[in-house]
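Subject: Structure handover

Hello,

Here is the structure for your files.

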Amino acid sequence: MDAELMKAAEAATGFMPEAEGLALYETAESYADAGPVLEVGSYCGKSAIYLAAGVRDARARGVRQQVVTIDHHRGSEEHQPGWEYHDTSLVDPEAGRIDTLPRLRSTLVQAGLDDDVIVIVGRSVDVARLWRIQLGMLFIDGGHTDAAAQWDYESWAPKVAVGGVLAIHDVFETPEEGGQAPFRIYQRALSSGAFTEVRHEGSLRILERTGDAVG
């Protein structure tokens, strides 16, 4: 991965360990041929840097794709006041609410990726209703309630191209390790018969779409 982009990823606000970020980078580089790379859950742009670095490197073999990142930018449950990951620096003083969009834009500009990443502001389930292009890579890292994770899976997993890939973050097998909503959609993807696991890096699971029916 480009050294300057690696430095930018390390400096960006977020929760993506380097080994998992590099796995995202390598996956995006490998699967960009199959279609756009789309991320559900932008936060402040750390993972978007890894994804964009992968798509940039794919251009060396003639691939012409971009990264699309979707978020409502009001923070997930754990980012709200009183919760473990609440960051007061991300609160809009006028609205009195979390707003991660300015930090995301700043992250992309500082990394030189403003033209490489398409930023969509909105709920992923609403955007999915309008989306028609099959994806080379889908990265789900949005809300971690069961409802949010299931909505993201149901809305977007069918849009992964056969031969494309689904990546799910924060997959923990036991409650002692972390929340179970991402683990449950990971299990759902496997049990559908449409996805086959091809890589496991920390809490990141990579599943290639090998079948038609997504349950």
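H1 and helix H4 (101-111) each give at least two residues to the lining of the second largest pocket. Helices here are DSSP runs of H or I with at least four residues, numbered from the N terminus. H4 supplies the largest share of that lining, 5 residues. The pocket holds about 160 Å³. Its lining residues are Glu-4, Leu-5, Ala-8, Ala-11, Ala-12, Thr-13, Arg-103, Ser-106, Thr-107, Gln-110 and Ala-111. By class, they are 5 nonpolar, 4 polar and 2 charged. (Nonpolar: Ala, Val, Leu, Ile, Met, Phe, Trp, Tyr, Cys and Pro; charged: Asp, Glu, Lys and Arg; polar: the others, Gly among them.)

This is a predicted model: local features need pLDDT of at least 70, side-chain atom pairs count only at pLDDT 80 or more, and totals for chains, interfaces and linings use all residues. Residues are numbered from 1 along each chain as its sequence is written, and side-chain values use heavy atoms, with hydrogens and water left out.

On terms: the grid is 1 Å, over the protein atoms alone. A pocket is an open set of points with protein on both sides within 12 Å along at least five of seven lines; in a cavity a 1.4 Å probe fits but cannot get out; lining residues have an atom within 4 Å of a point. Points are joined across faces, edges and corners, and a volume is the space filled by probe spheres set on them.

The whole structure has 1 cavity of 30 Å³ or more. The largest cavity has a volume of about 50 Å³. Its lining includes Asp-141, His-144, Asp-152 and His-169. Helix H6 (146-156) and helix H7 (181-192) are the elements that give two or more residues to it. The classes are 5 nonpolar, 4 polar and 2 charged.

Now the packing. H1 (residues 3-11) and H3 (residues 46-58) pack at about 165°, axes 8 Å apart. (Axes are fitted to C-alpha atoms over the stretch in contact; angles run from 0 to 180 degrees between N-to-C directions.) The pair is therefore roughly antiparallel, a label for angles over 145 degrees. Their crossing is left-handed (near helix turned anticlockwise from the far one by less than a right angle; right-handed if clockwise). Contacts, meaning heavy atoms within 4.5 Å, involve Leu-5 and Met-6 of H1 and Ile-49 and Tyr-50 of H3, among others.

H2 (residues 18-31) and H3 cross at roughly 35°, with axes within 7 Å. That crossing is right-handed.

Best regards

Notes. Parallel < 35°, antiparallel > 145°, perpendicular 65-115°, else oblique.
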